[in-house]
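Look at the fold below. Start with the strands, then turn to the helix.

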Amino acid sequence: IHSIYSNEEERMHIHVVKEDKEAKFWLEPIVEVAYKGDFSQHEIYQIQKQVEEDANFLKEQYQLHIGGRIDD
């Protein structure tokens, strides 16, 4: 996972970028695909498994990122 964007909407999410492909996953209330871009269904399945495994860490990082942006 390369980036966490915070200026799109309030719902916690991440973007997964690989080469010229990009997907978006909601982190709440459950991990789910928002859009899969050009990733194959197999790739999305693998990415979603990883996001689910790392969900707590990703949520923590998202909150740190948002908190840092709000406190600027």
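In this predicted model, pick out F25 first: its bridge partner in β3 is V33. K24 is also bridged to β3, where its partner is Y35. These pairs belong to the link between β2 and β3. Three bridges join the two strands, which run antiparallel. β3 itself covers residues 32-35.

Now step back to β1. This strand spans residues 13-18, and β2 spans residues 21-26. The two run antiparallel and are joined by six bridges. One of the pairs is H13 with W26, the latter in β2. The hairpin of β1 and β2 has two residues between the strands. E19 in this hairpin has a positive phi, near 55 degrees.

Here are the named bridge pairs side by side.

| Residue | Bridge partner | Strand of the partner |
|---|---|---|
| H13 | W26 | β2 |
| K24 | Y35 | β3 |
| F25 | V33 | β3 |

α1 holds 13 residues, numbered 41-53. From its first C-alpha to its last it reaches 18 Å. That is close to the 18 Å expected at 1.5 Å a residue.

Which residues of α1 are buried? They are E43, I44, I47, Q48 and V51. Down the axis of α1, these buried residues fall within an arc of 130 degrees, so they line one face of the helix. An α-helix has 3.6 residues a turn, so residues three or four places apart point the same way. The other side of α1 carries exposed residues: H42, Y45 and E53.

Finally, where does the helix sit relative to the strands?

In short, the picture has two parts.

Conventions. Residues numbered from 1 in each chain as written. Predicted model: local features only at pLDDT ≥ 70, side-chain atom pairs only at ≥ 80, totals over all residues. Heavy atoms only, no water. Pairing = 2+ DSSP bridges. Helix = DSSP H or I, 4+ residues; strand = E, 2+ residues; numbered from the N terminus. Expected span 1.5 Å × (residues − 1). Buried < 20%, exposed > 50% of the residue type's maximum accessible area, 1.4 Å probe, protein only. Arc of directions from axis to C-beta.
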